[in-house]
Amino acid sequence: MAERKTYTISELAKEFGVTPRTIRFYEEKGLVTPARQGQTRLYTPADRVRIKLILRGKRIGMTLDESVEVIDMYDPEHNNSEQLHSLIATVKEKRARFEQQIRDINDIMASLDEVQGLCEQALKKTPATPTRDN
């Protein structure tokens with residue numbers, strides 16, 4: 001089966017679960033360059049892959065600039081080891097940052113548990129405050 005020649009903005013937005021505005025933003029940044037047929041934007045398979053990779057980078061915590069830097073290193077004519085090494089370094093850095101955030105969140109949760117426990121103990125030791133009805 002032959003690959004499609006073009007995609008509309010609404011087709012890509014639906015496929016990737018984003019708004020057309022997101023794709024137009026990528027166009028404004030020069031990251032994709034659709035052809036125009038009247039008012040209709042026509043995206044190539046290469047544009048589609050580029051959008052897919054940008055969104056994948058976003059999902060793993062990469063900035064738009066980081067994603068584009070890695071994507072732009074791709075050179076199918078030559079060895080892509082530079083691109084792959086760069087991506088591995090970026091992934092390791094993101095992983096380390098997220099692991100630290102997990103440790104920080106766990107520390108915060110433990111502190112919250114401690115404070116809540118102290119408050120509950122204090123309430124058990126405090127005589128009940130009479131209400132107006134008593």
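**Close-up 1. Buried residues of helix H3 in the predicted model.** Within helix H3, the buried residues are Asp 47, Arg 48, Arg 50, Ile 51, Ile 54, Leu 55 and Gly 57, and the buried residues of this helix pack against H1, H2 and H4. H3 has 15 residues and spans 21 Å from its first C-alpha to its last, which is close to the 21 Å expected at 1.5 Å a residue. After H3 comes Gly 61, whose phi is positive, near 90°.

**Close-up 2. The buried face of helix H2.** In helix H2, which covers residues 20–28, Ile 23, Tyr 26 and Glu 27 are buried. Viewed down the axis of H2, these buried residues fall within an arc of 105°, so they line one face of the helix. They pack against helices H1, H3 and H4 and also against strands S1 and S2, and H2 is followed by Gly 30, whose phi is positive, near 80°.

**Close-up 3. A salt bridge between Asp 72 and Arg 50.** The side chains of Asp 72 and Arg 50 meet with an N to O distance of 2.7 Å, and the pair links distant parts of the chain, with Asp 72 in helix H4 and Arg 50 in helix H3, 22 residues apart. Arg 50 counts as buried, at 18% relative accessibility, whereas Asp 72 counts as partly exposed, at 48%.

**Close-up 4. Salt bridges around Glu 66, Lys 94, Glu 93 and Arg 97.** Glu 66 forms a salt bridge with Lys 94, their closest N and O atoms being 3.0 Å apart. Because Glu 66 lies in helix H4 and Lys 94 in helix H5, the pair ties together parts that are 28 residues apart in sequence. The side chains of Glu 93 and Arg 97 also meet in a salt bridge, at 2.3 Å from N to O, and these two residues, four apart in H5, are separated by about one helical turn. Salt bridges that share partners join Glu 66, Glu 93, Lys 94 and Arg 97 into one network.

Conventions:
Residues are numbered from 1 along each chain as its sequence is written. This is a predicted model: local features need pLDDT of at least 70, side-chain atom pairs count only at pLDDT 80 or more; totals for chains, interfaces and linings use all residues. Side-chain values use heavy atoms; hydrogens and water are left out. Buried means under 20% relative accessible area, exposed over 50%, partly exposed in between (1.4 Å probe, protein chains only). The arc is that of the directions from the helix axis to the C-beta atoms. Contact means heavy atoms within 4.5 Å. The expected span of a helix is 1.5 Å times one less than its number of residues. A salt bridge is a side-chain nitrogen of Lys or Arg within 4 Å of a carboxyl oxygen of Asp or Glu.
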